[in-house]
Amino acid sequence: MRIDVVTIFPDYLAPLDLSLIGRARREGLLEVHVHDLRHWTHDRHRTVDDTPYGGGAGMVMRPEPWGEALDEVCGALPGRTPHLVVPGPGGDLFTQARARQMATEDDWLVFVCGRYEGIDERVHDEFSARYPLSVLSLGDYVLNGGEVAVLAMTEAIARLVPGVIGNVASLVEESHEDGLLEYPVYTKPQQWRGHEVPPVLLSGHHGQIARWRHEQQLERTAARRPDLLAGRGPQGD
Ligand code: SAM
């Protein structure tokens with residue numbers, strides 16, 4: 001998978017060199033290119049923003065640098081079409097299902113990192129007419145820029161790309177994969193500060209362990225995220 005990120009803070013994306021994502025890049029499973037939007041400015045101050053038409057607080061990102069940047073970045077691989085992703089608090093919620101869909105269906109993502117009050121709407125109009133484009137939100141709160149959202153989305157998507165995580169089974173049993181939160185997990189020692197590991201996990205009885213884990217998933221989901229259980233039957237199926 002190829003990922004391009006256009007931002008005014010390229011250094012913000014440095015964590016994409018670390019851990020499993022960094023290793024996936026070194027192994028050629030993931031190709032990441034980070035671009036500085038100011039590269040496509042032409043004035044002495046490398047200006048990317050201006051005051052909003054209609055008045056109001058804050059600044060808006062000008063369309064010209066974005067137009068030139070996206071023309072060049074999206075045209076970098078003739079014959080291939082990128083999926084443009086614009087992080088924004090007004091977008092569709094980015095979920096595990098969305099991450100899996102993108103890891104499966106997309107082989108090239110171009111992330112567009114807004115700052116200030118956002119990007120002149122005509123950039124959206126121009127590029128959504130030329131490419132598949134999604135506005136995606138991390139959640140119902142406001143960040144200062146798209147970079148943190150890109151880090152989160154890239155990690156969630158890239159770990160689902162085949163080969164990035166060694167143990168594929170660990171991906172299947174995670175929270176949100178089956179619409180439930182994950183069961184509690186334990187490791188050694190068997191006793192710690194007076195707390196015991198639940199005896200069923202020491203029983204070696206796979207059927208009982210699987211039943212206990214499913215019950216725990218339902219209890220935890222009901223307690224913390226009852227909204228996820230809406231529409232399920234009494235057994236959580
Ligand atoms: N004025 C905008 C609004 O009310 O919708 C918020 C702009 S925000 C200060 C600046 C940038 O941060 C946005 O363009 C977007 O790139 C990013 N951002 C903020 N909150 C986000 C969220 N919940 N999910 C994804 N990106 C977000």
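Biologist: So which residues come nearest to the ligand?
Modeller: Pro87, Glu117, Leu138, Tyr141 and Leu143, out of 18 residues around the ligand. A residue counts as near if one of its heavy atoms lies within 4 Å. Mind you, this is a predicted model: local features need pLDDT of at least 70 and side-chain atom pairs pLDDT 80 or more, while totals for chains, interfaces and linings use all residues. Numbering runs from 1 along each chain as its sequence is written, and side-chain values use heavy atoms, with hydrogens and water left out.

Biologist: Which ligand atom is 3.0 Å from a polar backbone atom of Pro87?
Modeller: An oxygen. That's a polar contact, meaning a pair of N or O atoms within 3.5 Å.

Biologist: How much of the ligand does the protein bury?
Modeller: 80% of the 580 Å² that the ligand exposes when taken alone. Those areas are Shrake-Rupley, 1.4 Å probe.

Biologist: Which elements give two or more residues to the shell?
Modeller: β5 (83-93) and β7 (133-137), strands here being DSSP E runs of at least two residues and helices H or I runs of at least four. β5 has the largest share, 3 residues.

Biologist: How does the shell divide by residue type?
Modeller: 9 nonpolar, 8 polar and 1 charged. Nonpolar is Ala, Val, Leu, Ile, Met, Phe, Trp, Tyr, Cys and Pro; charged is Asp, Glu, Lys and Arg; the others, Gly among them, are polar.

Biologist: Back to β5, how many bridges join it to β7?
Modeller: 6, and the two strands run parallel; strands pair if DSSP finds at least two bridges between them. Val86 stands opposite Val135 in β7.

Biologist: And what about β6?
Modeller: β6 (residues 108-112) is parallel to β5 too, with 3 bridges between them. Val85 has Phe111 of β6 as its bridge partner.

Biologist: Which residue has a positive phi although it is not a glycine?
Modeller: Ser19, at about 55 degrees. Ser19 belongs to helix α1 (residues 19-26).

Note on methods:
A polar contact is a pair of N or O atoms within 3.5 Å; within protein, one must be able to donate a hydrogen and the other to accept it, and residues adjacent in sequence count only if both atoms are side-chain atoms.
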